[in-house]
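Colleague: I would like to learn how to read charged pairs and pockets in a model. Could you take me through them one by one?

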Amino acid sequence: MYAANRRDEIRYDIIESLKDKGFVREHISLEKFADDQKYLEGSGCIVMDREHKIAYCAESQRAHKDVFEYFCKKSGFKPLLFRTVIDSKTNQPIAYHTDIVLSVAETFALVCKEAIHKEDIGNLEKILQETGKKIIYVTYDQAKNFATNSIQLKSQDEKRLFVVSKNGYNSLNQEQIQKIEKTSVILSPDISTIEFISGGSARSMNGELFKK
């Protein structure tokens with residue numbers, strides 16, 4: 001984690017418990033990179049296309065190229081690193097986590113084009129389209145309202161569910177909603193308190209712990 005005090009939250013007992021329950025096939029430790037001030041903050045920094053084994057990552061202080069490429073090499077994912085535009089106030093990338101500007105589902109992707117570096121957007125669009133994703137563009141205002149901090153899941157009866165917070169859902173226009181609803185049932189819980197306090201939303205709250 002980029003914040004030093006968050007590194008104290010590492011719980012090896014939880015990792016062992018997940019192993020016992022069948023959720024962990026291999027424990028890939030990234031802690032050694034922190035000594036060189038290189039970080040990769042979990043699922044917020046990596047948006048995965050598990051079907052095509054592609055990992056998308058927006059480079060930032062919290063997502064270093066070296067750590068990301070190491071993770072991809074160890075896990076068998078193809079890395080797709082891209083940059084976001086620089087915030088004039090902080091002189092840092094506008095997206096500290098990838099899921100601020102990108103959400104990848106089975107047949108579509110939400111993309112905040114205006115936040116992605118102009119030299120990188122073309123390749124990102126190309127790979128998404130080549131893997132069968134219809135791109136639904138969202139504005140930066142919609143992204144700030146957590147439209148892209150969303151995730152597609154499957155119910156026990158194999159229905160596709162697209163989980164996006166109430167704030168994220170309310171920021172979308174009717175055309176965007178209709179495109180999502182062609183393949184997914186939208187679930188939009190009100191988690192505004194968590195969003196306000198933590199800065200994360202629906203996808204941030206999902207650990208993506210899958211046995212398969």
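Modeller: Let's start with Arg83, which is partly exposed, with a relative accessible area of 32%. On this scale, buried means under 20% relative accessible area, exposed over 50%, and partly exposed in between, using a 1.4 Å probe and protein chains only. A word on the source: this is a predicted model, where local features need pLDDT of at least 70 and side-chain atom pairs count only at pLDDT 80 or more, while totals for chains, interfaces and linings use all residues. Residues are numbered from 1 along each chain as its sequence is written, and side-chain values use heavy atoms, with hydrogens and water left out.

Colleague: Which side chain meets Arg83 in a salt bridge?

Modeller: In general, side chains of opposite charge can pair when their charged atoms come close. Here the partner of Arg83 is Glu119, at 3.1 Å from N to O. A salt bridge is a side-chain nitrogen of Lys or Arg within 4 Å of a carboxyl oxygen of Asp or Glu. The two residues are 36 apart in the chain: Arg83 lies in the loop between strand S3 (78-82) and strand S4 (102-104), and Glu119 in the loop between strand S5 (108-111) and helix H4 (121-130). Helices (H or I, at least four residues) and strands (E, at least two) are DSSP runs, numbered from the N terminus. Glu119 counts as exposed, at 59% relative accessibility. Together with Asp120, Arg83 and Glu119 form a network of salt bridges.

Colleague: How many salt bridges are found in the whole structure?

Modeller: The search finds 14. One of them joins Asp66 and Lys38, at 2.6 Å from N to O. This pair also links distant parts of the chain, 28 residues apart, with Asp66 in helix H3 (residues 65-75) and Lys38 in the loop between helix H1 (12-20) and helix H2 (42-45). Asp66 is partly exposed at 32% relative accessibility, and Lys38 is partly exposed at 22%.

Colleague: Which residues line the second largest pocket?

Modeller: A pocket is an open set of points on a 1 Å grid over the protein atoms alone, where a 1.4 Å probe fits, with protein on both sides within 12 Å along at least five of seven lines; lining residues have an atom within 4 Å of a point. Here the lining consists of Thr107, Phe108, Lys134, Ile135, Ile136, Lys179, Lys182 and Thr183. Strand S6 (residues 134-137) gives the most to this lining, with three residues.
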